[in-house]
Amino acid sequence: MGTAPASRDVTSYGMGLAAPLALFFLVFFVAPLLQLLWLSLHNDTAALHWGLGQYIHFLTDPFSLGVLGSTLLLGAEVTAVCLVLGFPIAWLYQRVGPRLQTIIILIVLLPLLTSVVVRTFAWIVILGRQGIINATLQSLGIIDTPLKLLYTQFGVVIALAQVQMPLMTLPLITALGRIDPNLDDASCSLGAGSWRTFFRIVLPLSLPGVIAGCTLTYAAAITAFITQSLVGGGQMLFMPMYLYQQASTLQNWPFASAISIIFLLAVLAVVSVFTTLGRLSRGFGGE
Amino acid sequence: MILNRRSLMTTALTLGAMKAFPGLSYAQARPLVFATFTGSWEEAHKAVLVPAFRKANADAAIVLDPMLSVDQIAKINAAKANPPIDVMLHDPGPALIAIGQDLAEPYPVDKSAYYKDLITEAQEPMGPAPFFQVVGLTYNPEAIKTPPTSWADLWKPEFKGRVGITNLNSTLGTGWLVEIAKMRGGSEANVDPAFKALEELKPNLAAVAANPGALATLFQQGQIDISPGNFNAIQILKARGVPVEFVAPKEGAIAFKTTIHIVKNSPNRELAFKLIEASLSPEVQTTLMNPPYLIVPTNSKVAMGGEIARVLAKDTAELKQKFVFQDWKKINEQRSAWIERFNREIKI
């Protein structure tokens, strides 16, 4: 900013090239969203009477709020698992030779190349009663009766963490790659231990990647209808299934619309917390 | 022919426009559009019903557009005056919704050659039932040596942690709940006894599947050994070598009518009628009754055979005696409340 106005400002760009995508978004995203909002502001399924009934119904109902809460919590758990498991991989990536780098990137990307449905079915096979985990534990004599892993919160978190892992690892790899390795050495030569270097230098500088990864993983985890319903089963209700039930089985579109608007706002709130953290983190870089 | 950039561009634009606005190419008449269900339904209809219809109607053009009942209703509602679908297929719940929203045309019963041959339960003036779906008990014969005989067997202590059910999103889940209510003295209007029974079933429950299809996976993985199940779904699993068997419980197997309707304001009313006639005909129903389809016929002129005769019923009389039909008008009235209650109470 602050450049003197020239005959043609070189820092500004024509918006023409973005117009097709903008138009596409306007027609296929903004318009349906407005329609959704309009529909949610009706008290009856035929959408004849205006009112806030659907929102009041949801927000005063402990059960619905519980579903929202457990969905947001599920996202937090999955994000935490992805972060804890993904960070070392990303860190390792920056410190190994090119051949190992190729292998790591392949391992990270491989899940993205198979469909979510296939990956989720694989988890059913792994977590099932006669699945890999139970069979191994039983043959080692650690347990007598198979553990119940499928259709539990634990199973959903683990499966989702694996399914969404690339969304966390890729931004982390990029962020860690931008850190000047000399900073590590400088910190060490000034007398800081490895943990101190990690917490004072590496972690703060990689925060933009952490934030980006967390946002992506979180959003993907809470909306993952397929994995949630296949590994979680029919008695664990999360927002996507709740929405599906109201819209598809019960044909209660106004309530379903209200659920999606509330869900959207809740997710936006969480994402904006992440971005605020990101903005604060910029202070760490000393810029 | 010389292709230059301009002519390529024009062709591409025209093709694109035809794709984007199919109305352009069907300005005069569009083919008959039949919204069947996805999966094995589509396969069966493509292989048997469509060829039979075309043979009888001078190769009339027909398009299968498989989609869920809800989507059919939504699509027709969006363009009631000029519906994009001519013939729709529904489970009992959605059928009543479609009729309630005035989307179905009364079936021209007087003109029909086969309507009077249908068993009484299949004779629906707003759209007859060409097929039944049957729900009974499914079990793994390798784990369960004595075949179950009654819904009540699900509560046996020996099946602790071995029972699977589905939630009420599906026709199967809701229908089953009503049947359990009836077994315990309730009815379509009162499912309280069923919820009490579910509470007692909890120790036995290994899984509450999100949809009937997920039950199949659970059988394959040994996660469950016994569950309520759809006769046709079980035959598909059996054909793939999964150890499962189907029995009709002594209380009666639950039969759902799959009804077929002419869409109101359809521009192809006559062809739609012909397609439905074909689906009611003994020839089509006999073919669909045989492997690999094993679809339960509704035309009383069809002689039962094969697996259907073995496990379900040998003839129409026995079928009527062994099948239980439910009042979906009553069920629809309270279904959303039940789903809500199920959401809240069934946590394992």
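Axes here are lines fitted to C-alpha atoms, for helices over the stretch in contact, and angles run from 0 to 180 degrees between N-to-C directions. Helices (H or I, at least four residues) and strands (E, at least two) are DSSP runs, numbered from the N terminus.

This is a predicted model, in which local features need pLDDT of at least 70, side-chain atom pairs count only at pLDDT 80 or more, and totals for chains, interfaces and linings use all residues. Residues are numbered from 1 along each chain as its sequence is written, while chains are lettered from A and ligands numbered from 1 in the order in which they are written.

**Two helices in chain B**

Let's start with a pair of helices. Helix α3 (residues 69-78) of chain B packs against helix α4 (residues 92-100) of chain B at an angle of about 10 degrees, and their axes are 10 Å apart. Therefore α3(B) is roughly parallel to α4(B), a label for angles under 35 degrees. Where do the two helices touch? B:S69, B:V70 and B:I73 of α3(B) meet B:P94, B:I97 and B:A98 of α4(B); residues are in contact if their C-beta atoms, placed from the backbone, lie within 7 Å.

**A buried strand**

Now look at strand β10 (residues 253-263) of chain B. Buried or exposed? 11 of its 11 residues are buried, so β10(B) is largely enclosed by the rest of the structure. A residue is buried if 20 or more other C-beta atoms, placed from the backbone, lie within 10 Å of its own. In a regular strand the side chains alternate between the two faces of the sheet. Here, B:A253, B:A255, B:K257, B:T259, B:H261 and B:V263 point one way from β10(B), and B:I254, B:F256, B:T258, B:I260 and B:I262 point the other way.

| Partner of β10(B) | Bridges | Direction |
|---|---|---|
| β3(B), residues 87-90 | four bridges | antiparallel |
| β4(B), residues 104-105 | two bridges | antiparallel |
| β5(B), residues 131-139 | five bridges | antiparallel |
| β12(B), residues 323-324 | two bridges | parallel |

**Chain A and its neighbour**

Chain A has 12 helices and zero strands. Of its 287 residues, 33% count as buried. Where the chains meet, 21 residues of chain B are in contact with 22 residues of chain A. On the chain B side, α13(B) gives the most, with four residues.

Notes: A residue is buried if 20 or more other C-beta atoms lie within 10 Å of its own, exposed if 12 or fewer, and partly exposed in between; C-beta atoms are placed from the backbone. Angles under 35 degrees count as roughly parallel, over 145 as roughly antiparallel, 65 to 115 as roughly perpendicular and the rest as oblique. Two strands pair if DSSP finds at least two bridges between them.
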